[in-house]
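Q: I'd like to learn how to read a pocket and a helix in a model. Could you walk me through them?

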Amino acid sequence: MIKRTLVFSNPTYLSHSNKQLLITYPEKDKENKSVPIEDIGVLLLENQQITISHGCISALLQNNVAIISCDSTHMPTGLILPLDGGTTQSERFRYQIEASVPLKKQLWQQTIQQKIYNQGRVLEELGFDVINMFRWSRSVKSGDPDNYEGRAAAYYWQTIFSEFLSFNRGRGGEPPNNLLNYGYAILRAAVARALVSSGLLPTLGIFHRNKYNAYCLADDIMEPFRPYLDRIVYDLVKEFGIGALGELNTDLKVRLLQLPQLDVKFDDMTSPLLVGISRTTASLARCYEGVSRKINYPEV
């Protein structure tokens, strides 16, 4: 089943009953609604006047729903995830904690190879020269000691929006950085949700190690998925023009929130991105267990 992403941008009261999320609006002329909790994958709370009961939060977490909280500017700032990832969770934690440095370097190599390849495929679809990107992808060694990720990123961001503007990627930079920030926050939450579901600690990364970052592993695993969001943002820039992207309005958010339902291709199947991420995190768990040596990432 394709899990739904629900966004609440207006004052709302959220509760639950009989496995249903109950949505109550303060306006008397607005019809209240309900949604089966089992159908929800991500819940995004944007308005500062949303009230959600503790029982509702508990029911959502029991069904592995990622709850994202936003600040007054409607940018995601917090994430609530379930603690229980399955009956073998403690065993998987142990495998993850005891993972050897060579294994982590190999997993990071695979991650960066696929990230650069997917970035190259996006540029290729847009008609840019990508011979260097594919060469860099093949050249990544264990642990990426030559920093091909950095080389590829410099070329990629220099190129992808070049027909519209001179672009510098940075969280506080000019549009479309705001669209990228918003979309990456949703992607990060989806990856963290899948990691917990696979019985892994999202805090303990392969490469990212910032002691202040609670989602280092999510930041690692989301890398090859970023180009899917980048392509959505490119299409928005092309459609609306850079001047219309200063404010992250509802129409833009709706387009960005299509990301979890976007089809991604694996060697043997195509699935929605939200499902594909779970496939990737399950393969990572098998790598930690020693059952496999390869993370299953999709290809753009």
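Q: How much space lies in the largest pocket?
A: Rolling a probe the size of a water molecule over the atoms shows where empty space is left. Here, the largest pocket holds about 420 Å³, and of its 17 lining residues, Pro-76, Arg-171, Tyr-184, Ala-185 and Arg-188 are the closest to its centre. A pocket is an open set of points on a 1 Å grid over the protein atoms alone where a 1.4 Å probe fits, with protein on both sides within 12 Å along at least five of seven lines; lining residues have an atom within 4 Å of a point. This is a predicted model: local features need pLDDT of at least 70, side-chain atom pairs count only at pLDDT 80 or more, and totals for chains, interfaces and linings use all residues. Residues are numbered from 1 along each chain as its sequence is written, and side-chain values use heavy atoms, leaving out hydrogens and water.

Q: Which helix gives the most to the lining of the largest pocket?
A: Helix 6 does, with five residues. Helices here are DSSP runs of H or I, at least four residues, and strands are runs of E, at least two, numbered from the N terminus. Strand 8 (76-80) also supplies at least two lining residues.

Q: Which residues of helix 1 are buried?
A: An α-helix has 3.6 residues a turn, so residues three or four places apart point the same way. In helix 1 (residues 54-62), Cys-56, Ile-57, Ala-59, Leu-60 and Leu-61 are buried (under 20% relative accessible area, 1.4 Å probe, protein chains only). Just after helix 1, Asn-64 has a positive phi of about 60°.

Definitions and conventions: Points joined across faces, edges and corners; volume = space filled by probe spheres on them. Buried < 20%, exposed > 50% of the residue type's maximum accessible area, 1.4 Å probe, protein only.
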